Amino acid sequence: MATLMDAGLASSSASMTCDADWRGLNIGLFAFDFDGTCTQKDTTSLLYKATEKYHASTESEMKELDAQWSELGRKYWNGHQETVSNSILHHSTTASEFNESGLRSFLQEVHQYDFEMMERVEASELLKGISRDGIKEVAKEVKLNQGCLNVLNHINLPLYLITVNWCQDLIHAKLGQLKHLKIFGNHLPLEGELSSGYLAKNLTNAFDKETIFQQLVQDKSARSEGISIFVGDSITDLLALLKSDLGIVIGKSQTVRKVAKSFGIKLIPLQEIQNKKASECQKETFCSIQRGVLFEARSWNEIGFTLFGANYSPSKY
């Protein structure tokens with residue numbers, strides 16, 4: 001729900017190019033987030049519209065359900081921002097070095113708040129009675145960031161999507177055409193053919209994402225060379241981003257930048273990767289990259305040019 005209320009994402013530019021001598025990177029593992037990373041907006045706000053109750057409602061009843069969800073979202077966002085601000089004050093320091101222990105304590109407090117809000121969503125029963133056809137219908141409203149599918153289709157490797165999104169069926173409806181897609185996320189438990197209104201909380205926070213990503217990195221190390229890459233946009237992505245050889249932050253979330261600054265995480269323009277010597281970028285890890293350093297991408301097409309150099313075609317797929 002946080003991405004829904006956060007600052008808008010940067011637009012993609014198909015005209016962006018790369019240095020003519022840039023050959024791209026040797027990728028061994030590629031993982032990414034969904035909401036706000038692949039999508040222009042958070043998709044959580046669409047799920048209640050996939051219920052049988054919503055589809056059977058009159059116009060006035062729909063407005064009432066819309067108002068109930070909006071109020072839940074407002075309370076969540078206000079509390080989330082308050083939790084973020086208070087926890088930063090409690091766990092950050094004035095030192096400029098990367099403060100990993102403070103970051104982890106901060107993320108734990110934010111997770112506790114988010115988990116409580118998930119239980120409030122369940123208690124509201126606004127997600128009870130979601131059908132598969134309803135999911136397919138609301139999926140039509142989901143807009144992907146320009147260049148996202150194009151970049152993902154250029155990657156001839158398994159694509160690991162690690163997300164706290166509540167509904168894998170919605171993700172499949174938007175990205176199911178991708179070859180080698182493997183989703184780590186949540187689903188909506190069913191009562192018969194419809195959702196029960198509860199959430200299967202398999203993956204809910206930054207620590208869960210980190211655990212999954214670390215396991216993927218360990219598995220990769222035993223069978224292939226190349227660097228590990230994670231692309232994300234929010235604070236739940238931070239630990240996985242920091243564990244990757246190349247962590248790429250996409251979008252303009254003000255919260256993730258506030259947190260990064262508070263805990264000594266440096267954000268460097270992604271295009272600066274092209275200034276590195278080719279030999280540095282083809283190693284299994286970026287030996288010259290310091291702990292607590294992430295890269296910012298203005299768009300998916302910028303990511304594409306960085307990964308594939310002149311071999312990247314921004315309008316191929």
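View 1. Residues 24 or more positions apart account for 75% of the contacts with a separation of 6 or more in the protein chain, a contact being defined by heavy atoms within 4.5 Å. The model is predicted, and local features need pLDDT of at least 70, side-chain atom pairs count only at pLDDT 80 or more, and totals for chains, interfaces and linings use all residues. Residues are numbered from 1 along each chain as its sequence is written, and side-chain values use heavy atoms, with hydrogens and water left out. Of the 317 residues of the protein chain, 54% count as buried, where buried means under 20% relative accessible area, exposed means over 50%, and partly exposed lies in between, with a 1.4 Å probe and protein chains only. The chain holds twelve helices and nine strands, taken as DSSP runs numbered from the N terminus, with helices (H or I) of at least four residues and strands (E) of at least two.

**View 2. The open sheet.** Seven strands, in the order β3-β2-β1-β6-β7-β9-β8, form an open sheet with parallel pairing, and two strands are said to pair if DSSP finds at least two bridges between them. The edge strands, each pairing on one side only, are β3 (181-184) and β8 (266-269). From one strand to the next, the twist averages 30°.

**View 3. Strand β1 and its two partners.** Six of the six residues of β1 are buried, so this strand is largely enclosed by the rest of the structure. With β6, strand β1 pairs in the parallel sense over five bridges, and F30 stands opposite I229 in β6. With β2, strand β1 pairs in the parallel sense over three bridges, and here A31 stands opposite Y160 in β2.

**View 4. Pairing of β6 with β7.** Strand β6 (residues 227-232) and strand β7 (residues 246-250) are joined in the parallel sense over four bridges. Within this pair, G232 stands opposite V249 in β7.

View 5. Strands β2 and β3 pair in the parallel sense over four bridges, with Y160 standing opposite K182 in β3. In a regular strand the side chains alternate between the two faces of the sheet. Together β2, α7 and β3 make a right-handed β-α-β unit; right-handed means that, with the strands pointing away from the viewer, the path from the first strand over the helix to the second runs clockwise. The loop between α7 and β3 contains H180, whose phi is near 65°, a positive value in a residue other than glycine. At 47% relative accessibility, H180 counts as partly exposed.

**View 6. Helices α7 and α8 on the sheet.** Helix α7 (residues 168-175) lies across β1 (27-32), β2 (159-162) and β3, and runs at about 155° to β3. Helix α8 (residues 206-221) packs on the sheet as well, touching β1, β2, β3 and β6, and its direction makes about 165° with that of β1. The angles run from 0 to 180 degrees between N-to-C directions, with axes taken as lines fitted to C-alpha atoms, for helices over the stretch in contact.

**View 7. Packing of α3 against α10.** Two packed helices are described by the angle between their axes and the distance between the axes. The axes of helix α3 (residues 59-91) and helix α10 (residues 254-262) come within 11 Å and cross at roughly 10°. That angle makes α3 roughly parallel to α10, a term that covers angles under 35 degrees. On α3 the contact is made by W77, Q81, V84, S85 and I88, and on α10 by T255, K258, V259 and S262. These residues divide into four nonpolar, four polar and one charged, where Ala, Val, Leu, Ile, Met, Phe, Trp, Tyr, Cys and Pro count as nonpolar, Asp, Glu, Lys and Arg as charged, and the others, Gly among them, as polar.

**View 8. Surroundings of M62.** M62 lies in helix α3 and, at 24% relative accessibility, counts as partly exposed. Not counting residues up to four places away in sequence, M62 touches Y54, H55 and S57. The C-alpha atoms of M62 and K49, 13 residues apart along the chain, are separated by 8.8 Å.

Notes: Parallel < 35°, antiparallel > 145°, perpendicular 65-115°, else oblique.
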